[in-house]
Amino acid sequence: MAGYTSDKDALLKRLRRIEGQVRGLQRMVEDDTYCIDVLTQISAATKALEAVGLSLLEDHLQHCVSDAIAAGGPDASRKVSEASEAIRRLVRS
């Protein structure tokens, strides 16, 4: 079971809101909206996606990684490596 399962409804609600933001961006471009206004909305959508990503990362660390560490063995090292790589990807984006 995924660590975010208990927050799944809230995550889906946030993702739907972001989807609406992206659709709004499409309309803005179709309507030839002023560039700075479009860029401002892109920044808002990006920050919203980053917030979802950080929330998922936190859940992963609290559930998947901590459970694997408590259980020990090679799975613990693999989970820590996965989390580190996920953090690297988020930081680069």
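**View 1. Order of the elements and overall form of the protein.** From the N terminus on, the elements of this predicted model run α-α-α, and the secondary structure of the protein comes to three helices and zero strands, where helices (H or I, at least four residues) and strands (E, at least two) are DSSP runs numbered from the N terminus. The radius of gyration of the protein is 17 Å, well over the 12 Å that the globule rule gives for 93 residues, so the protein is more spread out than a compact globule; this radius is taken over C-alpha atoms, and the globule rule is 2.2 Å times the number of residues to the power 0.38. Taken along the principal axes, the box filled by the C-alpha atoms of the protein is roughly 55 × 30 × 15 Å. Residues are numbered from 1 along each chain as its sequence is written. Because this is a predicted model, local features need pLDDT of at least 70 and side-chain atom pairs count only at pLDDT 80 or more, while totals for chains, interfaces and linings use all residues, and side-chain values use heavy atoms, with hydrogens and water left out.

View 2. Among contacts (heavy atoms within 4.5 Å) in the protein between residues at least 6 apart in sequence, 51% join residues at least 24 apart. The protein has 13 positive and 14 negative charges, and their mean positions are 2 Å apart; Lys and Arg count as positive and Asp and Glu as negative, without His and the chain ends, and each charge is placed at NZ of Lys, CZ of Arg, CG of Asp or CD of Glu.

**View 3. Helix α1 and its buried residues.** Helix α1 (residues 8-30) has 23 residues, which at 1.5 Å a residue should span 33 Å, and its end C-alpha atoms are 33 Å apart, which agrees; the expected span is 1.5 Å times one less than the number of residues. The buried residues in α1 are L11, I18, G24, L25 and M28, and what covers them includes α2 (35-71).

**View 4. D32 in the loop between α1 and α2.** D32 lies in the loop that joins α1 and α2, and at 68% relative accessibility D32 counts as exposed. Although D32 is not a glycine, its phi is positive, at about 55 degrees. Most residues other than glycine have a negative phi.

View 5. A51 has its place in helix α2 and, at 29% relative accessibility, counts as partly exposed; from C-alpha to C-alpha, A51 and V29 are 25 Å apart in space and 22 residues apart in sequence. D67 also has its place in helix α2, where D67 is exposed, with a relative accessible area of 51%.

View 6. G72 lies in the loop between α2 and α3 and is partly exposed, with a relative accessible area of 28%, while G72 and Q26, 46 residues apart in sequence, are 48 Å apart in space, C-alpha to C-alpha. R78 has its place in helix α3 (residues 74-92) and is partly exposed, with a relative accessible area of 43%. R78 and A68 are 10 residues apart in sequence, and their C-alpha atoms are 8.8 Å apart in space.

Technical notes:
Buried < 20%, exposed > 50% of the residue type's maximum accessible area, 1.4 Å probe, protein only.
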